[in-house]
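Me: I would like a close look at a single part of this structure. Please keep the terms plain.

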Amino acid sequence: MSGNIKLLGDTLAAAKAEGRSALIAYLPAGFPTVEGGIEAAKAVFDGGADVVEVGLPHSDPVLDGPVIQTADDIALRGGVKIADVMRTVREAHQATGKPVLVMTYWNPIDRYGIERFTAELAEAGGAGCILPDLPVQESATWREHADKHGLATVFVVAPSSKDARLAEITAAGSGFVYAASLMGVTGTRESVGAQAQDLVRRTKATTDLPVCVGLGVSNPEQAAEVARFADGVIVGSAFVKRMLAADGDLADGLAGIRALAAELAEGVRQRA
């Protein structure tokens with residue numbers, strides 16, 4: 001069975017044709033429970049997200065902040081497995097018909113087996129994988145299997161990436177490019193936006209792939225700001241915060257993230 005890389009591409013192209021950025025939401029699988037995580041993915045789609053990234057919880061999430069680490073810890077304590085991640089992808093996609101990716105560190109895939117992982121992700125209806133810590137120069141085997149199963153390979157670029165490195169990364173990727181701002185919490189919103197805008201400009205000079213930005217967007221005003229220069233706006237921690245704030249009340253948490261998705265979906269259509 002082939003994965004849904006084409007659906008991902010068509011979804012991003014449709015947003016562009018509407019003159020807006022796509023809204024991409026991130027939520028970890030198994031948080032607050034496996035069933036709750038599935039309902040959460042459906043809720044953000046219902047609110048207006050175009051794409052969902054399902055996080056594969058990891059015990060050493062070196063690139064994630066404390067909010068997502070907290071959610072990962074809850075999921076891991078709950079016993080979440082890769083099979084639960086695949087189930088989350090399958091049920092979220094089947095319920096909505098929209099593209100669902102997995103965002104994961106490399107170690108779980110390496111231990112699980114590349115062929116097994118890609119085959120199962122494609123069978124679940126997944127659109128691809130975001131691999132923040134897989135070096136491009138070591139990715140040939142993964143990309144071979146992903147291509148065979150119709151899955152996108154999304155790599156991450158950073159403001160520190162030199163232009164030649166950007167070209168190397170974007171040439172190897174598919175689906176879209178994840179442009180991550182790595183500025184700390186002390187950076188102002190204006191300076192973070194300026195840095196991300198420069199990164200998008202430099203990345204677009206190397207590729208025709210959509211370039212989507214994740215930089216801590218948490219409200220519609222910030223979403224509109226990023227939407228002026230990015231093909232997609234990626235939001236993760238803000239959704240997780242809403243779920244954590246519900247303090248175990250799943251219905252309240254789902255209502256919160258559905259409302260936030262609606263606000264952000266309006267934001268990406270405003271292009272401040």
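Me: What covers the buried residues of α1?

Reply: The cover of the buried residues of α1 includes β1, β2, β3 and β5 (152–154). Contact here means heavy atoms within 4.5 Å. This is a predicted model, in which local features need pLDDT of at least 70 and side-chain atom pairs count only at pLDDT 80 or more, while totals for chains, interfaces and linings use all residues. Residues are numbered from 1 along each chain as its sequence is written, and side-chain values use heavy atoms, with hydrogens and water left out.

Helices (H or I, at least four residues) and strands (E, at least two) are DSSP runs, numbered from the N terminus. Helix α1 takes in residues 5–17. Its 13 residues, at 1.5 Å a residue, should span 18 Å, and its end C-alpha atoms are 18 Å apart, which agrees. The expected span is 1.5 Å times one less than the number of residues.

The buried residues of α1 are Leu8, Thr11, Leu12 and Ala15. They lie on the same side of α1, because they cover an arc of only 90° around the axis. That arc is taken from the directions from the helix axis to the C-beta atoms. Buried means under 20% relative accessible area, exposed over 50%, and partly exposed in between (1.4 Å probe, protein chains only). On the face turned away from the buried side, α1 carries the exposed residues Lys6, Lys16 and Ala17. After α1 comes Gly19, with a positive phi near 75°.

Of the covering strands, β2 (residues 51–55) is itself mostly covered, with five of its five residues buried.
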